[in-house]
Amino acid sequence: MNRSVEQDDPGSNLRMSRAQVGHTIGDRRAVPRPSRDRRRAGEETGSTPAYNVAENPVAQEPQQKLPHWSAYLNWLGQQVKQAAQAPRWLSVISKPDTSKKTRDTLGRRAGASSVEERYQVRRPNGDRRMSPEQRRTLMAQPLAQSPLKKIPRRLGYTLRLGAQLKQAALKKLGVGVAPEQTASISKVQLWHPEQMDSGAGDAQNDNPLNLVAPVNPVNPVKRPIGDRRTGPRQRRNLSVESRRGSGRVAAQDLSNKPIYARLALGTWAYYFIAKFVLFGMELIGFHPLENIAFAVFILLPVKHRLVRRAKGLISLSLAVVLLYYDSWLPPIGRVLSQASLLSNFSLPYLIELVARFISFPVLGVLASVSLVYWVLSRRVNSAALIMAGMLGLWLVLSPLSGFVEQTFKGEESSVADKPMPDMDKVMQAFFAEEAERHIAFERPKANAVPFDVIFIHVCSLSWDDVRAVGLEQHPLWQRFDILLKNFNSAASYSGPAAIRLLRATCGQQEHGKMYAPVPEKCYLMNSLLRSGFDTELALNHDGKFDDFLGQVQSIGRLTVPPMSLDGLVIAQRAFDGAPVYDDLEVLNRWLEIRKRSHSPRVALYYNTVSLHDGNHLPDAHSTPNSLETYRARLSDFLDRTEQFMKSLDESGRQAVVVMIPEHGAAVRGDKKQIAGLREIPTPNITLIPVGIKVIGGNVQREGATLSIDQPVSYVAMSYIVDRMLKKSPFNENKFSPSDYVEGLPMTPFVSQNEQMTVAEHDNRYYLGRGPGQWEKYTEFNTTEAKR
């Protein structure tokens, strides 16, 4: 295996062994290259060998004596050796002379694929870097070498876009562009190149943008081709539009355009468009002056990078605050004051509340309008239209518009177009009249048949809720003797509703004065106590949320302890995780205790939260939704209330049962509030079903259930109870419900919370947010809403 080639083949032309050459097999290190004169001499004489045997012994080996694959290896080795000796750093690459039929060392015809030309490159293979001078020279070359008329029609837009981008890049590099030549390329030439004159300026075809040589570039690029990173100084010099990637020229000269054409809101335009849509759907309000001021702040030009970032953060914060201010959500002060209560909500209930804000139909409308705006914004100045729209809304919503409307209409205006009354004066007159009302309970006569009075105070039940779940025909409604269909609870939360009921013997108070002491004659349970009744208290919950039990005992003056609930089965879990017990079991326990009592008369206040929003079965969090289970819970409550009335009748006790809800559950919600939100005490929330039933003593009612459709409130309920104390329905074997509603006091609709007031005047509803801040509540002024 270590023998030389000469020993293997004595007749070979090779007279030197591999040891004499000095290279082993596989060693491709290059030997000294022959001189150029000797190589030319060989090519002129047509001789094949270009190397001396001493210089390149491998080339003298007869190819017919080697295996067929050795020729390829020999040729590959010669390429590598010659490439190693080729000058790689020549500044000019000359094209070889192909006029003569010359051949390379392997006998191939010399040409474009010869070994010498292939490796005569400026840089090593793969090194694509260029010097700044070369890049500037390359950028100064014409953009399009072929005439525009030869470009296909579909490439017109591509050429125009490329020209714009190149102009912007050249401006950064300091390359000048002749403005007269740039403007000469019209839109018709770029989009319809075949319409150009065939002889219109060959010079322009060679250099259509008339590029001139670069002069002192401001920021010379010092990065290899393919590296698109920019330095800090270059990034600071880029305009906002180019950094957003809008596809337009970065620096646009708008100095010659009118002011309205310079307005640009960018992506903030979608914010105002969404507000317009939500306001049109009456889902939010709109404050034009505040929104105009915010738009002007967005349009303020800022060049410094840090200031621009700070402005972006401030704009985002202002947008959230302004959207909340325009919405119908409670004031931020109200939310902060109730933060401790909100923290008690369970996580599943919070997720359920957040999900109610999402409306897929509304999202579909917003997406459609945004798409239309995106299309139109390419052709019109949308920012100017948005500003004009907000100015128009300010003119429409301002008080001046009402004055102008009345001036043009004159005396021909109808009743529906009456001007808005001074609701502050209307409220002052209402509360002044209510302050004079008082119902004084008399002590029953000695020969009167004693009976108990049971107040069942139900949380989250209104007529709108009953209609929403389709339980208007439940048998319990026909079981009542007197049914008040237009009773106003005047509150939308449990605490204020309980206080108003326990002060039912006096007229309606303002919300802000309810927590102040009132005369003793105004307390319902104490008035019954003075009339010979023993007062008792029962709940089907612990009463800890919002200190409900404390408000009942201290502000309502019902100082007796509540009935014990030990040993009862937990039927539900409240929104805060507290146990909720079964109503029938709680009432039956009270009935068993009452049977063992020797008191002739008892007045019971029973409060239940079985219908409250967010309740769920034990160990079944938020599935299904509490709104979806409302119908089943309401049907179960009405059935159990009817069963309790039957048990009370079978026990032999005489009693007057008054079922009076606190407020509604807002199952359907409205345009200004999501389902379950009761911050605005609307008629759908505070108009509740109040039923009065006489039970026991085999007393028969004359006629059917008596329905009262007139607007009434707590004074009317106290009036009926007082009439029954004066004339007991158990004195005879029958009674007429009409005897107890004769002269029933009426009360106009006025509902209040801490921040909101809803009042009815001249058959129209008005919403008040404070003194002097009244508006028409158009959603409830239609005929369908009043049914």
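Both Cys 506 and Cys 522 are buried, where buried means under 20% relative accessible area, exposed over 50% and partly exposed in between, with a 1.4 Å probe and protein chains only. The structure is a predicted model, in which local features need pLDDT of at least 70 and side-chain atom pairs count only at pLDDT 80 or more, while totals for chains, interfaces and linings use all residues. Residues are numbered from 1 along each chain as its sequence is written, and side-chain values use heavy atoms, with hydrogens and water left out.

A search of the whole structure finds one disulfide, a term that stands for a pair of cysteine sulfur atoms within 2.5 Å. This disulfide joins Cys 506 to Cys 522, with an S to S distance of 2.0 Å. Cys 506 and Cys 522 both lie in the loop between helix H25 (494-502) and helix H26 (524-530), so the pair ties together parts that are 16 residues apart in sequence; helices (H or I, at least four residues) and strands (E, at least two) are DSSP runs numbered from the N terminus. Because the torsion about the S-S bond of Cys 506 and Cys 522 is about -80 degrees, the disulfide is left-handed.

Ile 284 is found in the loop between helix H13 (268-280) and helix H14 (288-299), and with a relative accessible area of 8% Ile 284 is buried. When residues up to four places away in sequence are not counted, Ile 284 touches Lys 275, Leu 278, Phe 279, Asp 326, Ser 327 and Trp 328, contact being defined as heavy atoms within 4.5 Å.

H13 also packs with helix H19 (residues 360-376), at an angle of about 130 degrees and with the axes 10 Å apart; axes are lines fitted to C-alpha atoms, for helices over the stretch in contact, and angles run from 0 to 180 degrees between N-to-C directions. H13 and H19 are therefore oblique to each other, since angles under 35 degrees count as roughly parallel, over 145 as roughly antiparallel, 65 to 115 as roughly perpendicular and the rest as oblique. Among the residues that make the contact are Ile 273 and Leu 278 of H13 and Val 365 and Trp 374 of H19.

For helix H28 (residues 583-595) and helix H29 (residues 630-650), the axes come within 9 Å and cross at roughly 20 degrees, and H28 and H29 are therefore roughly parallel to each other. The contact includes Leu 587 and Trp 590 of H28 together with Phe 637 and Phe 644 of H29.
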